[in-house]
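Please have the sequence and the model open while reading.

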Amino acid sequence: MNGDVVVTHALGSCLGLMVHDPVARIGGLLHAMLPLSKINPQKAEANPYMFVDTGVVKLFKEIYRLGGKKSRLVVKAAGCGRPMGNNEMFKIGERNYTVLKKLLWKNNILLDAEDVGGTVSRTVHFHISDGKTVIKSGQQECEL
Amino acid sequence: MKQGRLDDIISDVRSFPSMSGTALKILKLIDDPESTASKIEELLRYDPGITANILKLTNSAYFGLSARIGSIRQAIMLLGWKRLGKLVVTSCINAILDKPVPGYDLPSGELWRHSIAVSVAAELLAKELDITADDEIFTAALLHDMGKLVLGNYVKEDFQAIETAAGEGIPFQAAERRVLGTDHAEVGARLLESWSFPKSLVESVRWHHEPDGVEKPRTIIDLVHVANMLCLMIGIGVGREGLRYEPSPAATRRLGLKTKQLELVASQTLQWANELSDLSETSSR
């Protein structure tokens, strides 16, 4: 709805994906925890938005269903953080980002802006009317 | 490090309000081979709040009992002593962990949600790794961040200095140590020591960020360590310090943990954690 602000808290290593159509004035925000749905197909069936591969596809489908046009879409990504050190197993954020980029590339969609990686945890405020996206991490705040 | 700061912190540990007397008495009874179900029932008769909480938790889908439990006696029979102990701690610690935590900037209820989530994740990891379920895993995970409740005000006061230290590339708890002379894991361990909790629980709390620091590595510490990192990563109880902690490669090696097992547990944790944390919240307020 116009005027609505969608907020997602504490992205950590999760992916936040904001998709907005400025003409149709519709938008959606995805908060996906894990890269691939094959890790838990039962969960993916119940909640496709938990995984980047199923969640991103479903978000775009919903946007198109509501009248969004691919050529007009503004797509932004946030999150995908990681803890310190070099333990590959804990690089869930990087794997989330890789799956996102692969999906977007396959569908000829480019990211308009991103605030990803690092050891911060981000909160996203996404304004549906104009697509304004504000990222907060700790005491810092910036517009994406 | 400021002079006298560590003394102030230790004095705060000593004056920190203890868990309810009923809970501590029940935990002692559970440890006592001479105790009986009726002794526990007798104690709980005077604490309807804890009783209600225990029954709600017992009947939650997480514990997966087929019969509906209506009394403490039934709960003891079906769950056994040790598991009852876990529920007693969970029911009593809620009021303490539910508070907002300054310094780390955790709003009211978030440390509680995090603690429950780490308990669930640690148990799920144990199950996934075929490690014999030890009821202490849940309790150790539940209590791992108690120290933040004492240290929070000091972290708030000196946040800039801790940030600067952490900016040099050391984990947040090491930055706490450099500036305050101690860290939230050590403070939590001292708190539990002052409550006469078993040594193995105290050690799990003390080493939850540095599982390689303990003289003899232990599975329970490794599990709490990994579960804690995982819950922070999926955004449950992640504070102002973000993800500035370091998962130990040795701990994951010791556990024999694989990436897909970690991700599977992540996918299962949120739902159970929400269910359990909501159950206790409603009954304690």
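## Basis of the model

This is a predicted model, in which local features need pLDDT of at least 70 and side-chain atom pairs count only at pLDDT 80 or more, while totals for chains, interfaces and linings use all residues. Residues are numbered from 1 along each chain as its sequence is written, and chains are lettered from A and ligands numbered from 1 in the order in which they are written.

Helices are DSSP runs of H or I with at least four residues, numbered from the N terminus.

## Helix α7 of chain B

Helix α7(B) comprises 19 residues and spans 26 Å from its first C-alpha to its last, close to the expected 27 Å; the expected span is 1.5 Å times one less than the number of residues. Of the 19 residues, 17 are buried, that is, 20 or more other C-beta atoms lie within 10 Å of their own, with C-beta atoms placed from the backbone. Asp130(B), which follows α7(B), has a positive phi near 60°.

## Packing of α7 on α14

Helix α7 (residues 110-128) and helix α14 (residues 219-233) of chain B pack at about 125°, with axes 8 Å apart. Axes are lines fitted to C-alpha atoms over the stretch in contact, and angles run from 0 to 180 degrees between N-to-C directions.

Residues in contact (C-beta atoms within 7 Å, placed from the backbone) include His114(B), Ala117(B) and Leu125(B) of α7(B), and Leu223(B), Val226(B) and Cys231(B) of α14(B). By class, this contact has 12 nonpolar, 2 polar and no charged residues. Nonpolar covers Ala, Val, Leu, Ile, Met, Phe, Trp, Tyr, Cys and Pro; charged covers Asp, Glu, Lys and Arg; the others, Gly among them, are polar.

## Two further helix pairs

The axes of α13(B) (residues 199-206) and α14(B) come within 9 Å and cross at roughly 40°, which makes α13(B) oblique to α14(B). Here Ser200(B), Glu203(B) and Ser204(B) meet Ile220(B), Ile221(B) and Val224(B).

Helices α2 (residues 21-31) and α3 (residues 37-44) of chain B pack at about 180°, with axes 10 Å apart, and are therefore roughly antiparallel. Their contact has 4 nonpolar, 1 polar and 2 charged residues.

## Contact between chains

In the model, 26 residues of chain A are in contact with 24 residues of chain B. The chain A side has 13 nonpolar, 11 polar and 2 charged residues.

Notes
Helices (H or I, at least four residues) and strands (E, at least two) are DSSP runs, numbered from the N terminus. Two residues are in contact if their C-beta atoms, placed from the backbone, lie within 7 Å. A residue is buried if 20 or more other C-beta atoms lie within 10 Å of its own, exposed if 12 or fewer, and partly exposed in between; C-beta atoms are placed from the backbone. Angles under 35 degrees count as roughly parallel, over 145 as roughly antiparallel, 65 to 115 as roughly perpendicular and the rest as oblique.
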